[in-house]
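Hi there,

Here is the structure I promised to pass on. My notes follow below it.

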Amino acid sequence: MRISVIGTGYVGLVTGTCLAESGNTVICMDIDRRKIDMLTSGIVPIYEPGLEELIKRNVHHDRLSFTTDMSSAVKSSDIIFIAVGTPPGEDGSADLKYVLGAAREIGKYMNGHKIIINKSTVPVGTAEKVKAAVASQAGFKFEVASNPEFLKEGDAIEDFMRPDRIVIGIESTKAMEIMQELYASFIRKGDRILFMDIRSAEMTKYASNAMLATKISFINEMAVICASVGADIDSVRKGMGYDKRIGFEFLFPGVGYGGSCFPKDVKALVQTAEENGIEARVLKSVEAVNEHQKKLLTHMIINHFSGSGAKKGRRSNKPLSGKTIAIWGLSFKPRTDDMREAPSVVIINGLLRAGAAVHVHDPVATEEARKIFKNRVRYMENDYEALRGADALAVVTEWSEFRTPDFKKIKKLLKSPVIFDGRNIYNQTEVRRMGFTYYGIGRR
């Protein structure tokens, strides 16, 4: 099939590359000349394991190309995906200006029947707006479909090539047949391609992300309660997770969720509910719990160094003055360099406000961190180097290389043997046995 993908951000680039890998001829189009020049030169502007190799292979076999020319991308394709950004507005609602702008451009350059598929995460009812935007420019018949993405950063290639399910909102039998043919190679069991009306497809994306965010906030709130009553959240989590109705997925306490999807999509769904006269009480609580959780590790660090020893009524405005904290992990999750809404940003800013010096290390997100923190923190190429002269280690992102470190080396490098485990990745009994003061999330 001849396909164009409008937008070469995370979703667009993964979508276009994976569709090319299955034998289609794909053009990825973007108005960002710098990004297209990078891709044409073999430089991938985002970090995603396996993506660079896949792009190079499909470019080599002439299945994948990149352009800034909307006209040629539209005219050369029968199927056009819209995969542009939908950033949150001031009220939390998704900003559709890029989606509708792309739709008008597609309509302007159409040279025959097209199927236009919205891959961007958009509020319910956007398909009608896309249809109107295309129709305002088009002189040919076309169809609009919704095909939300369910890609996890760090595992996006696997998620696309072997999806749990493919959700497609359509309005005609013809569109259903074409979409079924497009995705046939990705799902051998046809029952995992779920066809539905367009509004339901649009809603499915938001509902899925909101459910996952809810599980995270729930277990984080349980962790806070466990800490207050002397229970251990790890034991509680296991006692819950073996119940098949609950399961273990997303039931790991930590420092809160971040990234480009969960925060934005929960806010957008809350706004959609309010626009329709509904108060999304659960989702508002999910947001509030998450914002509180991002601040928890900083409070734990401050309390350790100044809480018990500070005289009543005389706690300093800079309680961590003279202290250095080493941070392992900056990205919002492992296997990505994405720091959008990352808990590390809230934690580090809190430490800096409290007067601490901060050493940071992340396997891939250092350059993104430099854009945020500039010269306010020290960037270390090596995880152990970040510990040298620090008063404590705080683990913020559970990269695999942080899971089984040399604790003897950590103890030797730190000025004081203190670990704040923001992801509960260490065995607290063993770590304490080695002489560390250990703090976890909801641990005894």
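Leaving aside residues up to four places away in sequence, Ser 120 touches Ile 82, Ala 83, Val 84, Thr 86 and Val 99 (contact means heavy atoms within 4.5 Å). Before going further, a word on the ground rules: this is a predicted model, where local features need pLDDT of at least 70, side-chain atom pairs count only at pLDDT 80 or more, and totals for chains, interfaces and linings use all residues. Residues are numbered from 1 along each chain as its sequence is written, and side-chain values use heavy atoms, with hydrogens and water left out.

Back to Ser 120, which sits in the loop between strand E5 (114–118) and helix H6 (126–135); helices (H or I, at least four residues) and strands (E, at least two) are DSSP runs, numbered from the N terminus. Ser 120 counts as buried because its relative accessibility is 8% (buried is under 20% relative accessible area, with a 1.4 Å probe and protein chains only). A polar atom of the Ser 120 side chain lies 2.7 Å from the backbone oxygen of Val 84.

The largest cavity holds about 30 Å³ (a cavity is a set of points on a 1 Å grid over the protein atoms alone where a 1.4 Å probe fits but cannot get out; lining residues have an atom within 4 Å of a point). Its lining consists of Tyr 257, Pro 263, Lys 267, Glu 287, Asn 290 and Glu 291. Helix H11 (262–275) and helix H12 (281–307) are the elements giving two or more residues to that lining, and H12 provides the largest share, three residues.

Best wishes

Terms used. Buried means under 20% relative accessible area, exposed over 50%, partly exposed in between (1.4 Å probe, protein chains only). A polar contact is a pair of N or O atoms within 3.5 Å; within protein, one must be able to donate a hydrogen and the other to accept it, and residues adjacent in sequence count only if both atoms are side-chain atoms. On a 1 Å grid over the protein atoms alone, a cavity is a set of points where a 1.4 Å probe fits but cannot get out, and a pocket is an open set with protein on both sides within 12 Å along at least five of seven lines; lining residues have an atom within 4 Å of a point. Grid points are joined across faces, edges and corners, and a volume is the space filled by probe spheres set on the points.
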